[in-house]
2 protein chains.
Amino acid sequence: METEKTLLEYQDEVIKLMIDNKCILARDILVEINNAVDVAEILEDVIQEAGIKEAVLLFRSLPKELSVEVFSFLPVEDQLAIINAITEKEITSILEQLAFDDFIDVLEELPANLVDKILEKTPKEKRHEINTFLNYPDGVAGTLMTPEYISLRKDMTASEALEYIKKEAYDSETIYTCYVKDKGRKLVGIISLRALLVAKDEEVVENIMQEDYIAVNVHQDQEEVSEVFKKYGYLAVPVVDNEGRLVGIITVDDIFEVIEMEATEDIERMAGVLDSSKLEYLDASVWTHFKSRLPWLIFLMVSYMFTGLIINHFEDMLSKVLVLVSYMPLLMGTGGNSGSQAATLVIRGIATGDIETRDAMKVLWKELRISITIGIVLSGFNFLKVLLIDHRGFLIALTIAVSMLCIVTFAKVVGSMLPLIAKKVKIDPALMANPMIASITDMFSVVTYFALATLILGL
Amino acid sequence: METEKTLLEYQDEVIKLMIDNKCILARDILVEINNAVDVAEILEDVIQEAGIKEAVLLFRSLPKELSVEVFSFLPVEDQLAIINAITEKEITSILEQLAFDDFIDVLEELPANLVDKILEKTPKEKRHEINTFLNYPDGVAGTLMTPEYISLRKDMTASEALEYIKKEAYDSETIYTCYVKDKGRKLVGIISLRALLVAKDEEVVENIMQEDYIAVNVHQDQEEVSEVFKKYGYLAVPVVDNEGRLVGIITVDDIFEVIEMEATEDIERMAGVLDSSKLEYLDASVWTHFKSRLPWLIFLMVSYMFTGLIINHFEDMLSKVLVLVSYMPLLMGTGGNSGSQAATLVIRGIATGDIETRDAMKVLWKELRISITIGIVLSGFNFLKVLLIDHRGFLIALTIAVSMLCIVTFAKVVGSMLPLIAKKVKIDPALMANPMIASITDMFSVVTYFALATLILGL
């Protein structure tokens, strides 16, 4: 993309200008760019490279309208840094002009005394609404929504509705989907601007609105909300309370972040990291990282101790054929990797909806065939290597080869089935990924390997 | 969501009715649902549970308009199954009414002779356009776009533009963003329906259109396209060719799938599975799975062989203190898991843009502190366990404890740095995840452990 390249150039230029105290020239560049997202990105870098003082200077010099928009696109920590550096009057003036959902996001991060001061100045009714929004727990639909939507009456004509939309356009998050409520604030229908525009002028809203709409509940999990967007491809989804009253709408641009967060959470759990996803890697403290990583390491350590006990049990045999030890990493590692491949594919399949618990038998049958094919190739390869390159003799080569086949098959079957079982008993399948599978496979690998060795080598 | 629950009930009901040959009743339920996405989902299940014959019967009985829409939401394999079961005339009639991008998607999957037959019947000009679209390689912007957009002239007034949009609304993928081209088909500006609606009637398009728009190139990778959507929150993005001519637009609903596919690709690579993401798990053949999984297993196997060689090297020492073997899984496993946690967090941070290569020093410093903290806890824990529970004596406990600290630190440092190095040399960081890190850590673990044992135990 051309713009991307010039953006980086602009960025370097602005930073250089700010370091040289040429704020007005830097400001002119930002005004020329005139895209709040890009300007916010550059401002972020000014904070990092030139310092917060310079960034605030630059921020203050921006035209009012642009500065508010830029503010809404800055990461939370930069928003707070700016708020700490400007006057209370400036803060209030920015917050007043933010879209309602951005306003709530900022408020949530501000220290309590500042929030109180800001709330003191807002009219009572609005204060009540703000408090309701502030009270939704993290991760539910309520925290994603905005109350700034276009609300129509069902007895309006299409042309009246369009006139009304024109008037309200500035204060709404979207005007492309409008909402029709009855007197009890209950949502009775939705109507797209497209439908209003193509309708005859005198057509009544009630006749063209869609009554079979999809709505989400204000307490519904954000992951379910993102599923609705993915499934139906909507631009906005209405949010209702338990009584079916319309309390807000969620627009598609707020969903990207949710999808990314949910994927991050899954990926982290699959690597044995617990719920660190709320903070970015660099922003999280050492202590936060410590807490999110230690539990699984300890849990898995216990399983390795069992593997150790199994090895102890075979100490006599091992002392006779010590060379067996050198093949342990090969068998345990390949087992772990095989299992982790299967587990990952199944976990992802469950997450994207391709695999359901009722498909368990199909998955099992597929993994059995895959693992036996792969197992035979790896076994054959190792048999020849141990026999011809390592010169360990036929029986040891046979022990390794048969162990390999058993271990790969076991690993893939367990790897594919555990996530499905977890799903069935309502545990997050992502927890059944690599670390878990590898530690189970380890135990099986050691037992199988040593038992086969005892048998085949007649020890 | 209430609708979700009733949807499952509807589904069971429809399947039962179809098995009992009560097609008309089943059809009435689908017509009542009247949501193409939901009806497509039910039809999918009818194919699976009742059979393709029943599904086609039901599909044919749907009102024409609904059936075309439903068809566009079916998965490819079900679309093909239906096409194989209906007449050529019915096929043509469905395809004609599909949105252009859906039409291309279906065409791409049809056998060549059927495509030829369909193209024979289309006008020459359209045939040319179809062929251009069919020729874009997988995964570029060109395959996501549609040529059905609203195109305005810059000398139109706002009210003329609105009139024009009303007329064209039915044939456009979106009417909420419109595009202004010059005579050479070059894109000169974009304008939102919102801006047109709030503008004065006699205002000229040229004065209200946005000239600093973001466009993507037709050959740009779909991952970059999805980045543009995520960053700017747009509902649609214009696609231009190398000469800056507007060739199509991409709408936000087509991006969800891309984001999901890219996340799947990352997750699979992190588990050592290569590029199977184009097919769903259950649809991919055993052979496809075999090909996507074997390469990494073989590659990693070679690294385990090196670990084996290292163990061989220490055979003499091991034969003297065989009990050391039983702690190998503990040290190697914990090392692998520690490294994989760090690698995963850094890989994900790179993917979401939180971590850049220039942050390498910050990451290193953070991981050093985290790994030493975690290492000390795990070391202490194991020292006491080996000493007090296993009764192995002070020196062996010390060997295990010191090894643990070294291994955890090494693993986390390598785990966090390798993805950043990969990024720097333009290899996909996702390839540096667990299997890769674990195999490197394994070698280091064995060497460290045995070398420390030789030293501390004086062997």
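**Entry 1: a hairpin in chain B**

I started with strands E2 (residues 177-181) and E3 (residues 187-192) of chain B, and found them paired in the antiparallel sense over 5 bridges. This is a predicted model, so I am reading computed geometry throughout.

**Entry 2: the three-stranded sheet**

Next I looked up an open sheet in chain B, which has 3 strands in the order E4-E5-E6 and mixed pairing. Which strands stand at the edges? I found E4 (216-217) and E6 (246-251) there; each has a single partner strand, so one side of each is left without a neighbour in the sheet. Helix H15 (residues 222-232) of chain B packs on this sheet and touches E4, E5 and E6 of chain B. I noted its direction too: about 140 degrees to that of E5(B). Then I checked how E4(B) meets E5 (residues 236-240) of chain B, and the pairing is parallel, over 2 bridges. There, B:Asn217 has B:Val240 in E5(B) as its bridge partner.

**Entry 3: helix H20 of chain A**

I moved on to H20 (residues 360-389) of chain A, a helix of 30 residues. From first C-alpha to last I read 41 Å, close to the 44 Å expected at 1.5 Å a residue. I listed its buried residues, among them A:Val363, A:Ile370, A:Ile374, A:Leu378, A:Phe383 and A:Val386. The list also includes A:Lys366 and A:Glu367. What do the buried residues of H20(A) pack against? I found helices H19 (328-351) and H21 (394-424) of chain A, together with helix H17 (286-313) of chain B. After H20(A) comes A:His391, with a positive phi near 50 degrees.

**Entry 4: where the chains meet**

That partner from chain B sent me to the contact between the chains. I found 94 residues from chain B and 94 residues from chain A taking part. On the side of chain B that touches chain A, helix H19 (residues 328-351) of chain B gives the most, with 15 residues. Sorting that side by class, I got 49 nonpolar, 26 polar and 19 charged residues.

**Entry 5: how the copies are related**

Last, I laid chain B on chain A: a turn of 180 degrees and a shift of 0.0 Å along the axis bring them together with an RMSD of 0.1 Å. That is the relation of a two-fold axis. The same surface serves both copies, as 100% of the contact residues of chain B recur in chain A.

Conventions
Residues numbered from 1 in each chain as written. Chains lettered and ligands numbered in written order. Predicted model: local features only at pLDDT ≥ 70, side-chain atom pairs only at ≥ 80, totals over all residues. Least-squares fit on C-alpha atoms with pLDDT ≥ 70 in both. Contact = placed C-beta atoms within 7 Å. Pairing = 2+ DSSP bridges. Helix = DSSP H or I, 4+ residues; strand = E, 2+ residues; numbered from the N terminus. Axes fitted to C-alpha atoms, helices over the stretch in contact; angles between N-to-C directions. Nonpolar A, V, L, I, M, F, W, Y, C, P; charged D, E, K, R; others polar. Expected span 1.5 Å × (residues − 1). Buried ≥ 20, exposed ≤ 12 C-beta atoms within 10 Å, placed from the backbone.
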